[in-house]
Amino acid sequence: MLKNIINPDLYHGKNRKSNFFEGWYFKLVDKNMNNVISTIPGIYLGKSTENSHSFIQILQGNKASYSYKKFTKDKFISKSNIELNISVANSNFSLKEISLNINDSTDNITGLISFKNLLKWPDSLINPGSMGYYNFIPSMQCYSQVSVMDMDLEGSLCINGSEIDFSGGKGYIEKNWGSAFPYSWTWVQCNSFKNRKASLSCSIGHIPFMITSFRGFLIGLFVDDKFYKFTTINKSTLTIVQNSLDVIITTENKKFKLLIETKTDKSNFMLCMGPRDDKMVPLVEENLKASVKVTLIDKTISKIIFCENGLCCGIEYGGDQRMILSE
């Protein structure tokens, strides 16, 4: 138990029989930012046995194409209790590489992508992973972990006869686990900036906690290998304004102010599956071809230290967005 708390990347469902899900999100962007693909391996353990299964989700951002590959729960295997190393059917996933081998009536997807130069969310034994000490609190509805903020890719995928070379591209990994997704959430992620090396991860959720609930957020930005953190834990402030399918997020701590402004096309959204009411249901609206403007200001000297537009930005919405905006 303690091993999983201090290493949130690991599988948490070893002793769970029901009312549990866990999924890892791997995002891949090619060197020229023309192709963006996300794959989500995971497992769902329902209260009723017939709802329990393992899965691989495939999102192709450039085609706004989504598929959900469903397997029996025994096809999910966690191969290590030291580092992330899982398989679903004939596909394998770790922090070193992913190997896809999917062949069914609708898709033939094969290939190997290796990961190099992994940039992790800074943490400690007291504050493990991106959620920090919240990992020590039992029975939260949903936990999250930013496993890799940024990494370099090597290799290719063949998707239904089309070869996509990801060598020289960028990757990102995160995960969620618990009993269900939050009542409401907004997610923005991008590490494909043309002019400077940067990576943004932003999660905002309305979360039940004991007899009450609260709006929590985890926002991290790497710029030129320096990390800036804005979270509920470090008492940053946050405002979010929604305009149709776009958001303007402003967050501040004592020294820095961060503005996140998204731009999306409605036709690029995909409706994806997520855990709710003892089953996996169409719940998640996701776009992998958005753009985002990220502005970081040093308040102590009133100076903009980063202002760039990112491409192949991931935008995700779920639940009643009014719950996110109400605070």
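Beyond its neighbours within four places in sequence, Ile-109 is in contact (heavy atoms within 4.5 Å) with Ile-58, Leu-100, Asn-101, Ile-102, Cys-158 and Ile-159. The structure is a predicted model, in which local features need pLDDT of at least 70 and side-chain atom pairs count only at pLDDT 80 or more, whereas totals for chains, interfaces and linings use all residues. Residues are numbered from 1 along each chain as its sequence is written, and side-chain values use heavy atoms, with hydrogens and water left out.

Ile-109 belongs to strand β9, residues 108–119; strands (E, at least two residues) and helices (H or I, at least four) are DSSP runs numbered from the N terminus. With a relative accessible area of 1%, Ile-109 is buried, a term that denotes under 20% relative accessible area, as against exposed at over 50% and partly exposed in between (1.4 Å probe, protein chains only).

Most residues other than glycine have a negative phi. Ala-64, however, has a positive phi, near 50°. This alanine, Ala-64, is situated in the loop that links β3 (53–60) and β4 (65–71), and its relative accessibility of 26% places Ala-64 in the partly exposed class. A positive phi near 50° is likewise found at Asn-160, a residue other than glycine. Asn-160 lies in the loop between β10 (142–159) and β11 (162–165). Because its relative accessibility is 42%, Asn-160 counts as partly exposed.
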